[in-house]
Amino acid sequence: MGRGLSVRRGGRFYASGGAAGRRGDFLTSPEVGPLFGAVVARWLDNRWEAMGRPTDFTVVEAAAGVGTLARSIRDAQPACLATGQYVMVERSAAYGPNNRSTTGCGQ
C-alpha cells in the first residue's frame, strides 16, 4: 500500500502531494469539525472504564497527519488521558516533525 501511494511514475494516488484538508487531495472525518474527535474521546473513555481505568492507558493514532484528530480529542478532555498518553505516528516527512508542537498530544 505504501509503495502504491508514493510511487513517483504513473498512477499516482495524490494530485497535490497527499495533503489532507479542504484544499488538499482528500478530507477526513476529523477535518469536517470537532464532533468526530469528541465521539472518539467518549469511546476511548468507555474502553478505559471497561479496562478498569489503567494508569498506563496509551492511545496510538496511526497516520496522524497534522494532528487534527489529536487536537479534537484533547479538546474534549477525555478522563483516560489525564493519566494516560496519546502517541501520534506519522510516516510522512511533511507532517511528522510538527505534530508535537502543534497539538500538545505527541508523547
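## What counts as buried

A residue is called buried when its relative accessible area is under 20%, exposed when that area is over 50%, and partly exposed in between (1.4 Å probe, protein chains only). Val59 comes in at a relative accessible area of 11%, so Val59 is buried.

This is a predicted model, where local features need pLDDT of at least 70, side-chain atom pairs count only at pLDDT 80 or more, and totals for chains, interfaces and linings use all residues. Residues are numbered from 1 along each chain as its sequence is written, and side-chain values use heavy atoms, with hydrogens and water left out.

## The chain as a whole

You're looking at six helices and two strands, running α-α-α-β-α-α-β-α from the N terminus. Helices (H or I, at least four residues) and strands (E, at least two) are DSSP runs, numbered from the N terminus.

Of the 107 residues in the chain, 29% are buried. The exposed surface comes to about 7200 Å², with 54% of it from carbon and sulfur atoms; areas are by the Shrake-Rupley method with a 1.4 Å probe, and for residues only the protein chains shown count as cover. A contact here is heavy atoms within 4.5 Å. Among contacts with a separation of 6 or more, 56% link residues 24 or more positions apart.

Val59 sits in strand E1 (residues 58–62). Setting aside neighbours within four places in sequence, Val59 touches Leu44, Leu81, Gln85, Tyr86 and Val87. The C-alpha atoms of Val59 and Met88 are 8.4 Å apart, though 29 residues separate the two along the chain.

Val59 also belongs to the largest nonpolar core, which has 13 residues; Val59, Ile73, Cys80, Leu81 and Tyr86 touch the most other members. Two or more residues each come from helix H3 (35–50), helix H4 (68–75), helix H5 (80–83) and strand E2 (85–89). By nonpolar core we mean a set of buried Ala, Val, Leu, Ile, Met, Phe, Trp, Tyr and Cys residues joined through side-chain atoms within 4.5 Å. In soluble globular proteins, nonpolar side chains tend to be buried together.

## H3 against H4

H3 and H4 pack at about 65 degrees, with axes 8 Å apart. Axes are lines fitted to C-alpha atoms, for helices over the stretch in contact, and angles run from 0 to 180 degrees between N-to-C directions.

On the H3 side, the residues are Phe36, Gly37, Ala38, Val40, Ala41 and Leu44; they meet Leu69, Ser72 and Ile73 of H4. By class, that contact has seven nonpolar, two polar and no charged residues.

How values were computed:
Ala, Val, Leu, Ile, Met, Phe, Trp, Tyr, Cys and Pro count as nonpolar, Asp, Glu, Lys and Arg as charged, and the others, Gly among them, as polar.
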